[in-house]
Amino acid sequence: MTGPRRAPAQMLAEQSYDGHSSVHDESTASTLGLAGAPIEAPTHFSQFDPLAYVLWGPAWFEQGCISAHFRTMVVEGEEVEATVTATGDASAARVEAHKADGTPVLAGTASVGPDHGTTELAGRLAVLGEPGALFVVDQLQVGQTEEVEEVAVDYDTPNGAGYPFSLAEKLARITEPHPWYTPEGGPRSPWGRPVLPMEMISVLASKRGGAWPVRRPSLGLFLDLEIRLVDGPVFVGQPYSLRREVVGLSQSRRTESYWTRTTVAEGGTGRPVAEVLLHAGVFKESYPAYPAYPAERLT
């Protein structure tokens, strides 16, 4: 199944961390030779929600999982088309997204639990080797953890410097609006409450808490992302606790990177509701103290 082409909106132009703009700022992106400021990666997940719902119905919001490797950045104004392809397994499918000219945006898996098999990121994480010498994420260690209590995404509150927009602002520009996300239509959902869009679960998982000790100043981006619902849905306005753990370190020619698994649990009960696995990269050339390498190593 292939959905309609959509032009996702850039909503991180005002994003900042450590007092400076991020790669989603146009002028900052140009310092890295990027064609423009990239759309935030989780935005693309919304285009798969209607397709996954056709396959699995409301279970998609209860035990759905989308796991994707991002291949090409998308800038505002570009159109993206999402495709879901059956695999012969009734609970799993392949996912792809392309620009209008056929350029691949992402590739991965979608599935509905409780057994998700080997997802795209599970497969990639399983084959990680030793990362080699690290100079930007060298203070991180696999097994490092952080816990955050009482976070929520409501309609009117911006979601911090990392996501400086509210849910209401996101819903005004989301590629796939749905009544179940809204105050008016949420009470008519199968769960009697508004549910958080899949892409916003990533925002919830990033709220509050201290940042991992990545050396600064430096600029990063999402390389891979998996959102897995364990016992959902995730609800608008519901308090949740977060437990983050570093589960991998790696590098490529141009980036050093770290893998974080965040468990989202219901506030008060501690019942696991969702897991978010994020592979975040940091551009080597954005860190001024990075050891000099031949230019071809960074391209």
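S4 and strand S5 (residues 92-99) run antiparallel and are joined by 7 bridges; strands pair if DSSP finds at least two bridges between them. Strands (E, at least two residues) and helices (H or I, at least four) are DSSP runs, numbered from the N terminus. The model is predicted: local features need pLDDT of at least 70, side-chain atom pairs count only at pLDDT 80 or more, and totals for chains, interfaces and linings use all residues. Residues are numbered from 1 along each chain as its sequence is written, and side-chain values use heavy atoms, leaving out hydrogens and water.

**Exercise 1.** Find the bridge partner of Thr83 in S5.

*Solution.* Step 1: go to S5, residues 92-99. Step 2: the partner of Thr83 there is Glu96.

**Exercise 2.** State the order of the strands in the open sheet and name its edge strands.

*Solution.* Step 1: the order is S4-S5-S6-S3-S8-S11-S10-S9-S7, with antiparallel pairing. Step 2: strand S4 (80-86) and S7 each pair on one side only, and these are the edge strands. Step 3: from one strand to the next, the twist averages 20°. Axes are lines fitted to C-alpha atoms, for helices over the stretch in contact, and angles between N-to-C directions run from 0 to 180 degrees.

**Exercise 3.** Describe how S9 pairs with S7 and with S10.

*Solution.* Step 1: S7 (residues 145-151) and S9 (residues 240-251) are antiparallel over 5 bridges, and Val148 stands opposite Leu242 in S9. Step 2: S9 and S10 (residues 255-266) pair antiparallel over 11 bridges, with Thr262 in S10 as the bridge partner of Arg244. Step 3: S9 and S10 form a hairpin, with 3 residues between them.
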